[in-house]
Amino acid sequence: MSDDANNTTPTEPQLLGVLAQFPDAHDLVAAARKTTDEGYRKVDGFSPFPLHGIDEALRAPKTILPWLVFCGGVTGCLVALCLQYYVNGVEFPFIYSGYQFPISAKPIFSLPANIPVTFELIILFSSLTAFFGMFALNGLPKLHNPLFRSERFSRVTNDGFFLWIDAGDDKFDETATSDWLNSIGATSVEPISEVVEGRQVPAFLLAVGAVGAAVALVPPLWVAAAAGTSTSPRLSLWWDMDYQAKFKPQTTSDLFADGRAMRKAPAGTVAWGSLQEQQDQRYFEGIEPDGVAAHRGVPAQFVSAQVEGDAPAEAPPEPNWTKDFPVEVTEELMERGRERFDIYCATCHGKAGYGEGLVTTRALSLNQGTWTRPLSLHDQAVREQPVGRIYNTITNGIRKMPGYRLQVDAEDRWAIVLYVRALQKSQHASLDEIPEELRPKR
Amino acid sequence: MATAATTQTDAVPEELSAGTTFSPLAGPALIAGAVLLIIAAAIGVSTGSAAHFWHAYLLNFVYVASFVIGGLFFTLACHLFGAYWATSIRRLAEIVASAMPVIILLFVPIAVFVMNDDTGALYPWSDRAATADDPVLAAKMDYLAPNWFVIRAAIIFSIWWFASRIMVKGSLKVDKTGSVATLRGLARWSGPLMALFALSLNVAAFDWMMSLDPIWFSTMFGVYYWAGSVMGFLALLTLMIHLLQSRGMVTQSVRIEQRHDIAKLMFAMVIFWGYVTFSQFMLIWYANVPEETKWYADRGANSPFGISSMTGWLFITHLLIPFLGFMSKRIRRTPGLMAAWAAYLLAVHWYDHYYIVMPTLNVTYDFTENTPGSAPPFVLEALCLGGMLLVLIGAIARGTSRKWLVPIKDPRMREALTYVNH
């Protein structure tokens with residue numbers, strides 16, 4: 001050792017501790033016990049297999065890992081609860097806010113719904129803490145350990161049993177400690193010094209690393225640029241996803257002889273869910289099956305094709321409307337019809353069917369020129385319509401009235417027809433049609 | 001067995017013998033228990049609270065039965081897994097499991113009552129006339145027939161009694177012979193018996209507890225009862241070991257390592273119970289299907305956080321408190337503290353059953369006039385609890401008579417006496 005600190009060469013090895021070898025496992029445990037009894041505290045043991053009692057003999061401090069795991073679990077619990085509370089229970093009018101989105105009519109923040117995620121995060125945080133905490137407490141990852149420089153130490157994975165006393169121990173003194181280890185039966189004792197030799201990393205590798213790091217910055221920068229708020233066309237990262245080779249609807253194409261991109265359905269094709277409608281024409285369309293079948297289902301594209309010709313297309317013949325109900329007529333069905341009528345029809349047609357619904361009244365009072373006043377259901381013309389025609393009007397609409405096939409299902413449309421008939425009857429029945437007992441008493 | 005082992009009694013050292021200490025308690029405890037149950041029945045009938053009495057009786061029956069079921073499960077599991085650590089405590093589980101005949105006796109009043117009851121006082125479905133009109137119940141009536149209920153119970157008890165007989169007899173045989181072949185036989189039996197046990201336990205839980213509210217159903221219910229039962233048994237086992245060791249018995253054979261393992265297993269069952277119970281709750285809570293939600297509505301799950309309700313308290317007392325309470329290894333290795341936690345778990349285990357059984361008493365179905373009588377609150381429950389517990393203690397004390405408290409010649413004892421937890 002130099003007496004002047006300034007003259008200490010950087011290659012002077014620093015003593016880390018002494019390594020002692022023992023003949024077998026029992027000797028190692030006994031030596032460890034003696035050493036800790038003697039007052040050494042920074043002691044460690046190495047053996048090819050786990051030894052019972054070595055922890056007690058080394059007076060190894062109890063690991064704090066369980067406490068770390070506990071804290072990890074508590075953190076996971078809090079993170080999960082706060083996160084869920086924030087994203088589902090809080091809504092602010094600024095960016096990165098949560099949604100107040102009620103699910104299954106539950107409260108916005110309801111604990112039972114949040115338990116599974118909380119449970120998972122407790123486990124995730126606990127296990128990650130256990131895994132990485134174990135690494136950290138063991139001092140891993142460690143690329144090299146000075147002990148590996150000892151030739152003798154390579155036997156530790158085979159039949160070597162070693163005791164290590166760290167130079168940082170308060171009682172440590174190289175000579176005295178070595179003598180002590182020899183006195184308790186060590187077969188060999190050697191000092192281990194810090195490694196100070198070795199080669200520098202070649203300069204060209206550093207250059208390669210710098211270039212690599214710079215290149216690695218390109219993708220995130222690209223993403224940042226693509227995700228900005230610029231008004232210029234955005235950068236496309238994946239051209240083939242943004243611009244796919246495909247035909248859009250209603251466009252032309254050279255691929256097919258008729259020049260259309262869209263294909264016509266082959267003859268006899270039935271669309272999903274419409275098989276029933278094809279079969280029961282009376283029920284679903286209000287037309288007798290033996291009626292004018294050609295009228296049915298003229299698709300728009302054929303109508304336009306006809307218009308292209310010189311002669312204007314003839315008005316399609318009046319279908320053979322069905323004249324009686326394809327459903328069982330009951331008091332119940334009529335009540336259902338009244339309910340549906342009041343919901344869907346009465347706003348325009350009025351509850352009594354005279355075309356004086358609230359919407360109509362309001363539109364007329366505002367002098368809305370575009371408003372077509374609905375026909376009174378009590379007009380001679382409407383009264384003489386077969387039920388199939390009224391059904392068709394409800395289904396597909398007429399003039400400005402939209403069709404109601406999507407809002408009201410077929411059964412209910414027939415119910416409404418039945419109720420319309422009842423309404424008409426109520427205004428135009430003759431006295432002898434009223435049962436005796438219901439007539440007013442004179 | 002009792003006569004054959006007479007000569008052996010002298011050979012049992014004090015450290016392992018419990019017979020002389022505890023078996024004299026058996027007779028008085030059984031009699032006192034029966035007397036308490038009769039008093040409870042008398043009070044119930046005289047105050048017009050038969051329904052209340054039967055609920056209290058059933059509540060404590062399933063509570064006490066759960067320990068015996070847990071003991072049988074533990075015995076089967078020891079052989080199934082070849083668990084050497086548990087060898088020295090297996091005999092205690094066998095003693096609990098061999099109380100099965102007493103449990104069967106305790107069930108007889110329920111069976112007799114259900115066969116003859118047409119008021120729906122305990123099980124609403126036993127009121128056949130009134131339930132026939134309910135379309136949901138009508139579909140279940142073939143299953144929930146009184147005769148069929150009793151037949152199922154008979155099958156369930158046959159399986160359990162058979163399983164406990166096989167296991168206990170085989171184990172006692174090994175005490176004399178030390179035969180590995182016998183142990184192998186028990187291991188072979190334990191697999192099929194475990195499967196039968198699992199099936200029968202599900203049916204038992206469905207029949208005895210779930211059908212109290214015959215509209216409600218949950219396929220998790222059997223697992224829920226099982227998880228609670230095993231936890232309850234382990235708590236009882238902890239207390240039994242504590243009591244024995246405080247009298248200087250099994251001090252060498254049951255070491256701190258075994259007690260630590262029992263505590264670990266008990267901890268696992270606390271969590272598993274919570275997991276299953278919560279899973280059952282959350283699915284029903286989320287789907288909000290009326291006939292399923294009703295069960296929880298009856299148990300006061302209406303408050304948004306569920307904390308002011310019975311369900312909320314069950315989660316807190318049965319899961320959260322013990323979970324945090326004996327999570328630490330130091331507590332698990334401190335016998336006194338673990339005995340206290342075991343006593344606590346036995347109490348919340350009772351509350352768990354109270355939670356399952358009693359609320360149906362106050363549910364008035366449209367089809368019955370099933371109203372509680374005027375018996376003062378908790379008197380019938382307390383009398384039945386005392387009676388049943390005394391009967392169980394009597395049966396266990398009787399089971400200790402003239403037996404080694406550890407399977408002394410089991411070849412795995414050596415490992416059980418030397419292994420160390422890390």
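1. In which loop of chain A is A:R399 found? A:R399 is found in the loop between strand 5 (397–398) and strand 6 (401–402) of chain A; helices are DSSP runs of H or I with at least four residues, strands are runs of E with at least two, and both are numbered from the N terminus. The phi angle of A:R399 is near 50°, a positive value in a residue other than glycine. With 60% relative accessibility, A:R399 counts as exposed (buried is under 20% relative accessible area, exposed is over 50%, and partly exposed is in between, with a 1.4 Å probe and protein chains only).

2. Basis of the note. This is a predicted model, in which local features need pLDDT of at least 70 and side-chain atom pairs count only at pLDDT 80 or more, while totals for chains, interfaces and linings use all residues. Residues are numbered from 1 along each chain as its sequence is written, chains are lettered from A and ligands numbered from 1 in the order in which they are written, and side-chain values use heavy atoms, with hydrogens and water left out.

3. Further backbone points in chain A. Most residues other than glycine have a negative phi, and most peptide bonds are trans. A:R59, which is not a glycine, has a positive phi of about 50°. A:R59 sits in the loop between helix 2 and helix 3 of chain A and is partly exposed, with a relative accessible area of 44%. The peptide bond from A:L140 to A:P141 is cis, with omega near -5°, and A:P141 belongs to the loop between helix 4 and strand 3 of chain A.

4. Chain A as a whole. Its secondary structure comes to 16 helices and six strands. Of the 442 residues of chain A, 26% count as buried. Among contacts in chain A with a separation of 6 or more, 65% are accounted for by residues 24 or more positions apart (contact means heavy atoms within 4.5 Å). Chain A exposes about 30700 Å², and carbon and sulfur atoms supply 59% of that area; accessible areas come from the Shrake-Rupley method with a 1.4 Å probe, and for residues only the protein chains shown count as cover.

5. Chain B as a whole. Chain B has 17 helices and zero strands. Buried residues make up 57% of its 422 residues. Of the contacts in chain B between residues at least 6 apart in sequence, 81% join residues at least 24 apart. The accessible surface of chain B comes to about 16800 Å², and 69% of this belongs to carbon and sulfur atoms.

6. An unreviewed UniProt entry lists residues 64–87, 121–140 and 203–225 of chain A under "transmembrane region"; UniProt positions are given in the numbering used here, feature names are shortened, and annotations may be inferred rather than shown by experiment. Residues 121–140 of chain A are 85% helix and 0% strand, with end C-alpha atoms 25 Å apart. For residues 203–225 of chain A the figures are 96% helix and 0% strand, and the end C-alpha atoms lie 34 Å apart.

7. Two individual residues. A:L235 lies in the loop between helix 7 (218–226) and helix 8 (239–242) of chain A, and counts as partly exposed because its relative accessibility is 40%. Not counting residues up to four places away in sequence, A:L235 touches A:W222, A:A225 and A:A226. A:L235 and A:A225 are 7.5 Å apart, C-alpha to C-alpha, and 10 residues apart in sequence. B:H55 is found in helix 3 (residues 50–81) of chain B, and counts as buried because its relative accessibility is 0%. Leaving aside neighbours within four places in sequence, the contacts of B:H55 include B:A121, B:L212, B:V357 and B:L361.

8. The cavity. The structure holds one cavity of 30 Å³ or more. On a 1 Å grid over the protein atoms alone, a cavity is a set of points where a 1.4 Å probe fits but cannot get out, and a pocket is an open set with protein on both sides within 12 Å along at least five of seven lines; lining residues have an atom within 4 Å of a point. Grid points are joined across faces, edges and corners, and a volume is the space filled by probe spheres set on the points. The largest cavity has a volume of about 30 Å³, and its lining includes B:Y224, B:Q280, B:W295 and B:F315. Helix 13 of chain B supplies the largest share of this lining, three residues.
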